[in-house]
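Let's take a walk through this one, a piece at a time. Have the sequence and the 3D view open while you read.

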Amino acid sequence: MGEELLFRVQESQAGFRLDRLVMQNLPRPAPSRSSVQDWIRQGSVLLDGTACFKPAQKLVAGQKVQVIPREQNESLQPVAGKLDIVYLDRDIVVVNKPAGLSVHPSSSDSSPTLVHYLLYTCPGLRFAADRQRPGIVHRLDKDTTGLMVAALNQEATEDLSGQFAGRLVYKTYLALVCGELQQDEGRIDIPLARDQQSKTRVAPSRNGRSARTAYRVLVRDPGGLWTLAQVRIFTGRTHQIRVHFSHLKHPVLGDRVYGGRKWDRFYWKKRFLPRLAKRQLLHSWCLGIFPPVSRQWLEFTSKPPGDFLRTLLWLSRQCQRGVITGSAGCGKSSVLEYFRSRGFPVFSADRCVDALYQPGSDGWLMLRKRFGYRFTPQEDQPVDKKKLLAAVMQDCGLMDEITHLVHPLVENKLDEFWEEHGDKRMALAEIPLWFESGMGQGRDCLSVGIFCPDSLRRNRVCSNRGWSQEVFEKLDAMQSSQSEKIRKCQLVLDNSQGPDRLRNQASAVDRLLKRLRRKKACMFHNHLKKMACKP
């Protein structure tokens, strides 16, 4: 609009909204209603000589409306910027929009937008009828990434707008949502409307506009914390995917508006997620259209951006669990100490039992309840291990009974240890009776066995613990044989050539475990990349 526009409100127009009446009186082709609303908010429309900043202002008959001339493309000067162009011809351009970039200008955001960059890359857009949103036929939220198509001339604009209106455009998204979607596939058909309590939000409404969404589960978290879904929309309502999944109690992860930033359900991961998921993790993955001239179907895909993949990899990451086991005196503690010195969290079943045998602890109370004062004669003293050892030597069945009482307590402490260190790369536990106790059943742990010749084990134990050879052999016979334990282990260290040799082998195991961690992460990453290429 190059000239000042002045008119009065007629009797038949009383009660009209200001933005509606301004549009009716503007010369054709008229700009979009949102452009007119921006003019009003910027003070370019006067009522009886006074600026009115409310587009929804109801008018009174006889009021004078004055629209001050301003350069309509004043805020839309071309801006040089790098665009990720996927496809370009004389009619359309398909771009891969990054996070943090608005599609078109608004009164609440003065930073350069996709439109500014398009005006620089495609100069012909400067002559579009809609000076505020040239070429824009659909949009993505500011923090949603992925594929968008823009028209480069008026004919293409009308053609693509018709395709979107006629539901001819194929659009699918990747959405990382909170919780576990129970069904492998589903449809959401819930009308949407502006939230009555917040103009920037959308909410389900019985009287809203039709909104249809379909989804298919691609990856589920084994712990039920998150789901990666492929989402197709059949209507293009504002915030449609975000509102629909929030309504299902599975908001898009990182969505500040619709509830995806409640991290409590993620346990230890909640300490890190706010740094990873800084936006809603929603990505426009696949876009299919009929180009205006050729009418030959074109389909484009875009892999998820780095923050999306990093968050997925982090959420799927699990602490690598290792268990060191073997017969008495084989060198388990030395290997455990090596990994502790490397900064990995470690757990010792022997030390755990010592703690459980302290006065008032669970193990102490359990033995007091079962055997009275036999092994806990003093209220302020720990379990008398000497009496316990002597009793076990006299009654082999007593060892099984004590194991039945104490091992569930150790197992519970072990689970607490795994949970506490779930954010670490690796954690190791020394469990002498790993196989005999049944702790290994149902647990994803890599077992490392320590082999040592029986004569060396016997000499070491008798020297360090003051046991007689008879005590050593009798207690050793109460466990599985060394050969049987070693046969069940996935990795074996040979401790028959001294501490230096054992440390070198532990270092080799450390490197192997690191390679296994990297291999697992690479496999998952490659799976995601392949999946991103095949919608």
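This is a predicted model: local features need pLDDT of at least 70, side-chain atom pairs count only at pLDDT 80 or more; totals for chains, interfaces and linings use all residues.

E1 and strand E4 (residues 64-67) pair in the antiparallel sense, and four bridges link them. Zoom out and you'll find four strands in an open sheet, running in the order E1-E4-E2-E3 with antiparallel pairing.

**Two helix pairs**

Two packed helices are described by the angle between their axes and the distance between the axes. Here is how two pairs look in those terms:

| Helix pair | Angle between axes | Axis distance |
|---|---|---|
| H1 (residues 18-25) and H2 (residues 33-41) | roughly 115° | within 9 Å |
| H13 (residues 454-465) and H14 (residues 469-477) | about 120° | 10 Å |

Start with H1 and H2, whose axes cross at roughly 115°. That makes H1 roughly perpendicular to H2. The crossing is right-handed. On the H1 side, the contact is made by Leu18, Asp19, Val22 and Met23, while H2 brings Arg33, Val36, Gln37 and Ile40. Sort the residues of this H1 and H2 contact by class and you get five nonpolar, one polar and two charged.

Now jump along to H13 and H14, which pack at an angle of about 120°. H13 also passes H14 in a right-handed crossing. Here Arg457, Arg458, Val461 and Cys462 in H13 meet Gln469, Phe472, Glu473 and Asp476 in H14. The class count for the contact of H13 with H14 is three nonpolar, one polar and four charged residues.

**A histidine to look at**

Is histidine 244 buried or exposed? Histidine 244 is buried, and its relative accessible area is 0%. You'll find histidine 244 in helix H5 (residues 240-247). Leaving out residues up to four places away in sequence, histidine 244 touches Ile188, Ile190, Leu192, Ala211, Arg212 and Thr213. To see that in the viewer, select histidine 244 and bring up those contacts, Ile188 and Arg212 among them.

Notes
Residues are numbered from 1 along each chain as its sequence is written. Side-chain values use heavy atoms; hydrogens and water are left out. Axes are lines fitted to C-alpha atoms, for helices over the stretch in contact, and angles run from 0 to 180 degrees between N-to-C directions. Helices (H or I, at least four residues) and strands (E, at least two) are DSSP runs, numbered from the N terminus. Angles under 35 degrees count as roughly parallel, over 145 as roughly antiparallel, 65 to 115 as roughly perpendicular and the rest as oblique. A crossing is left-handed if the near helix is turned anticlockwise from the far one by less than a right angle, and right-handed if clockwise. Contact means heavy atoms within 4.5 Å. Ala, Val, Leu, Ile, Met, Phe, Trp, Tyr, Cys and Pro count as nonpolar, Asp, Glu, Lys and Arg as charged, and the others, Gly among them, as polar. Two strands pair if DSSP finds at least two bridges between them. Buried means under 20% relative accessible area, exposed over 50%, partly exposed in between (1.4 Å probe, protein chains only).
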